[in-house]
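The sequence and the coordinates are displayed first.

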Amino acid sequence: MSEADTIIHGVSVVIPAYNEEDAIEDAVRHVMDVMDGSGLEYELIVVDDGSSDRTAEILEGMSGIVLIPVPENRGYGASLMTGIRKSKYDLIAITDADGTYPPEKIPDMVHECSRYDMVVGARVGDNVHIQTVRKPAKWLLGNISSYLAGRRIPDLNSGLRVIRKDLVQRFEHLLPSGFSFTTTITLACLCSSSLVKYLPIDYHPRIGDSKIRAMHALDFLILIIRTIVYFNPLKVFIPLGSAFFVLGFTKFIYDVYIGNFSETALLGFIGAVLIWGIGLLSDQISRVALGPRKF
């Protein structure tokens, strides 16, 4: 039996909520109805992340949930970690409070986690509503991540997933407090050879206003590169050094052709060697930091 072949004793469902008064009650009751009918033992943890609307008031009037109020807004990732730290089961399911994800998929994802370390709901179903303005950035970030991780990633930052609690704890020092939480845990699991499965899901129109802004795309890109450098720095430094080498070599050929040598070609070669050297040093540091892997 592999490390991921585990007996399922129950699941802790964690829902972060920030200013979701229009959707929170229906979203929470939907999850409760699904889990009640699944036959699984579960707890439902809702983290109110310092909401300034009626979200906290609505949650306080609901029974059957573990409500964790946070006095001020700290971010999506911080809310998830707050709920995960308070959870009592070894499996963690996360979903959003805005009614976009189908909770009906959670039981199937939980059962799949008897064989996998993480199961992700990939928003590639027949009924997927993603704002058109976000699709180019989502496509670009997804392809960059797939290349750097060495595996096709159908959905980089899906907010519906089930994951082993010890895996979250293993990477807790890497997980940001903002929206990049799901992106980071995805890349961390894939780059550490954890078993990850994607299940197609639908994605419904959001109720209320989205908290994600255009500026977050740059944050996601920086985080992707940072995470890959942590796990596999050569994926970044070898292509970057190669680009400098090609530029230097091209300039060198041109200088030979015109008979006028310049320092530009030499700088290209030196830049390539320096970047490759930094990459090799980073790779050694990464191996030491990650320690021996378990298979």
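Just after H9, Gly259 adopts a positive phi of about 70°. The model is a predicted one. H9 itself comprises 25 residues, and at 1.5 Å a residue it should span 36 Å; the C-alpha atoms at its ends lie 35 Å apart, which agrees. Which residues of H9 are buried? They are Phe237, Gly241, Gly248 and Asp255. As background, an α-helix has 3.6 residues a turn, so residues three or four places apart point the same way.

A nonpolar patch on the surface is formed by Phe245, Val246, Phe249, Phe252, Ile253, Val256 and Phe261. Together these residues have about 650 Å² of accessible area.

## Salt bridges

Side chains of opposite charge can pair when their charged atoms come close. The structure holds nine salt bridges.

| Pair | N to O distance | Sequence separation |
|---|---|---|
| Glu172 and Arg85 | 2.7 Å | 87 residues |
| Arg164 and Asp117 | 2.0 Å | 47 residues |
| Arg123 and Asp155 | 2.7 Å | 32 residues |

The side chains of Glu172 and Arg85 meet in a salt bridge. Glu172 lies in the loop between helix H6 (165–170) and helix H7 (181–191), and Arg85 in helix H3 (residues 76–86), so this pair ties together parts that are 87 residues apart in sequence. With a relative accessibility of 28%, Glu172 counts as partly exposed.

Arg164 forms a salt bridge with Asp117, with 2.0 Å between the closest N and O atoms. Distant parts of the chain are linked by this pair: Arg164 belongs to strand S6 (residues 161–164), while Asp117 sits in the loop between helix H4 (106–112) and strand S5 (118–122). Are these two residues buried or exposed? Both Arg164 and Asp117 are buried.

Arg123 and Asp155 also meet through their side chains in a salt bridge. Arg123 is in the loop between S5 and helix H5 (135–149), and Asp155 is in the loop between H5 and S6, so that distant parts of the chain are again linked. Arg123 and Asp155 are buried.

Finally, a network of salt bridges links Glu112, Arg115 and Lys197.

Definitions and conventions: Residues are numbered from 1 along each chain as its sequence is written. This is a predicted model: local features need pLDDT of at least 70, side-chain atom pairs count only at pLDDT 80 or more; totals for chains, interfaces and linings use all residues. Side-chain values use heavy atoms; hydrogens and water are left out. Patches are made of residues with over 30% relative accessible area and no salt bridge: like charges are joined within 9 Å, nonpolar side chains (Val, Leu, Ile, Met, Phe, Trp, Tyr) within 5 Å. Accessible areas come from the Shrake-Rupley method with a 1.4 Å probe; for residues, only the protein chains shown count as cover. A salt bridge is a side-chain nitrogen of Lys or Arg within 4 Å of a carboxyl oxygen of Asp or Glu. Helices (H or I, at least four residues) and strands (E, at least two) are DSSP runs, numbered from the N terminus. Buried means under 20% relative accessible area, exposed over 50%, partly exposed in between (1.4 Å probe, protein chains only). The expected span of a helix is 1.5 Å times one less than its number of residues.
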